[in-house]
2 protein chains.
Amino acid sequence: MSEELLKKPASELRFNPVCKDWVVIATGRARRPETFAKEKKTIANTPAGECPFCHIETQEKPVLINEDEKGDWTLAVVPNKFPAFTPEGSLHKKTESLYVSINGVGFHEVVITRDHDLQINMPEFTVEKVKEVIDAYQERYLELMNEKMVNYVSIFHNHGLEAGASISHPHSQIIAIPVTDPDIRRSLDGSENFFKTHGKCIHCAMIKWDRQDGKRIIFENEKFIVLCPFASKVAFEVRIYPKKHHPYFERIKDDEKKQLAEALKIALNKIHKGLNDPPFNFFIHTSPCDGKDYDHYHWHLVILPKTSVWAGFELGTGIEISTIEPERAAEYLRNI
Amino acid sequence: MSEELLKKPASELRFNPVCKDWVVIATGRARRPETFAKEKKTIANTPAGECPFCHIETQEKPVLINEDEKGDWTLAVVPNKFPAFTPEGSLHKKTESLYVSINGVGFHEVVITRDHDLQINMPEFTVEKVKEVIDAYQERYLELMNEKMVNYVSIFHNHGLEAGASISHPHSQIIAIPVTDPDIRRSLDGSENFFKTHGKCIHCAMIKWDRQDGKRIIFENEKFIVLCPFASKVAFEVRIYPKKHHPYFERIKDDEKKQLAEALKIALNKIHKGLNDPPFNFFIHTSPCDGKDYDHYHWHLVILPKTSVWAGFELGTGIEISTIEPERAAEYLRNI
């Protein structure tokens, strides 16, 4: 067995036998209990000169790097130095009484844009630069989905400490994992059941109604629509859907990426301006890459501004409270 | 129609037709979009003299009030002044294309203990006082569950701004609602399926194993067990289970409440000391009160210290990452 294979996995995926949820437990890099008591979380607002993401040479070897004409890098994708998932270990199930776990086998990468101060939600972050980021998402997705143990690829971006960004230098993350959680599974099932019953995509049907109705739409170009969903989970939740039915993000074409870049830029700029640069998360919901057929699904991008905290009620019941109507939120963002 | 019935409900419950989730959209008291941009959230660390919860006379009329021998109040339950749910309106479904909503009909109460500075997790908050709080939970539960529109009662406590407590004066909340979210439903189903297949309660089976195994146990008394669950959703998640099979929290007996009070006090004190008074939420997971039979379920109390933020990966995949092994967390708390 090679040394590589003997490395300890970074984490363990544990299965909740009651609700069927997966959770990740850091094992390889778990923190000592005492450290939780001491620290007050602060974002590393490191000056550009000392920022680890500015100094790409301090990072793991890039798996993707873009350079400009002068040979300076503009975007890099590197393996995360503190990964939640690593390619080490087998997917063999460990069982202890009712408890099942598997190694946290997978990939964890960081997509870094060059400019330390240029956040993706700023007006100065051009459509071309957003497109460069989306190109990287797709390229890495296509690579990672082919890894045998990978069944789902999560692409996301955290902005601001309250949204979980511990380094202020703009970056997205890509995590490729062996399992699909019931949260995702539930949406896939809902979409599949609707397709079986009605012979059409539930997202297409909702988009059709929302366009006709108009009151939740923020922006649309030829290929994408930006809206506040009817059942928003947070105030000012924004979703971007391809207008045409598309189950698989990774099959997006170049002209579609340009239009997605425009839609994402406009959505993020409106949130930045209208809500005074709030922390936010965005992520892509797309079909699993587990070899099964998900032609009924419709990929989309979800933006969740961090305007409140999910407290005891939300955590205890799974019902989120949003303090503005999506229709008013959409009107407000539309008019910015 | 009386004036009471013409009052606008405080909110609307909206149904997500894809994933079948419910969300609450504030309508009656929705905020104006502009207000989201301006405010920076800060906890109202109002001095005791100006605190609205110290001045119980500024609150709605108490539905429950305890007094000591001198006639001073010690605990009060009052309707929330800014409720997420109100008893107004019908449960008639509104449908617009694929979108279904109902009025946010229900009850929202606040359980206030007298002392402004005495948080429930402090060593000075005695077992007797914790028991007084649990007594109030039960009494209000028994009252609210009999309301026709109420099918689920959520009892929870938020401590600290990062855990969603906007008023620092110690208080719990009780929200009684007409629906059960798929998140709860999933656990009920998991428990029911296990019961049907194995003829026993899945929680009883897990508790039996955990007691035998020992490594996740923090504390136990005669009737309750305190442990870090195998598939913890957050670092230092703690659960309190009645050792005997009990589907319904509201049927707890007096001697059991005493022991629950002791277990809860010890759990909260250990978290307070071991993690340096972190923000936290706790809530009770118990059977719905919708008239159906949930004899397969096993009620419990969940404590979630706020030691990290759920960011893009957690929100996008439903898989939470915990940076300490539950076994090490339990060992640490056990030894405090």
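Student: Which residues of H5(A) are buried?
Tutor: Keep in mind that this is a predicted model. A residue counts as buried if 20 or more other C-beta atoms lie within 10 Å of its own. In H5(A), the buried residues are A:Ile202, A:His203, A:Met206, A:Ile207 and A:Asp210.

Student: Why do the buried residues line one face of the helix?
Tutor: An α-helix has 3.6 residues a turn, so residues three or four places apart point the same way. Look down the axis of H5(A): its buried residues line one face because they fall within an arc of 135 degrees.

Student: What covers the buried residues of H5(A)?
Tutor: Look to chain A itself for the cover.

Student: How far does H5 of chain A reach from its first C-alpha to its last?
Tutor: The helix covers residues 202-213, which makes 12 residues. At 1.5 Å a residue, 16 Å is expected, and the reach is close to that: 16 Å.

Student: Over in chain B, which strands are the edge strands of the open sheet?
Tutor: The sheet has 10 strands in the order S3-S4-S7-S9-S8-S13-S14-S12-S11-S10, with antiparallel pairing.

Student: In S13(B), which residue is the bridge partner of B:Asn158?
Tutor: Strand S8 (residues 152-159) of chain B runs antiparallel to S13 (residues 280-285), and 4 bridges join the two. For B:Asn158, the partner in S13(B) is B:Asn281.

Note on methods. Residues numbered from 1 in each chain as written. Chains lettered and ligands numbered in written order. Predicted model: local features only at pLDDT ≥ 70, side-chain atom pairs only at ≥ 80, totals over all residues. Expected span 1.5 Å × (residues − 1). Buried ≥ 20, exposed ≤ 12 C-beta atoms within 10 Å, placed from the backbone. Arc of directions from axis to C-beta. Contact = placed C-beta atoms within 7 Å. Pairing = 2+ DSSP bridges.
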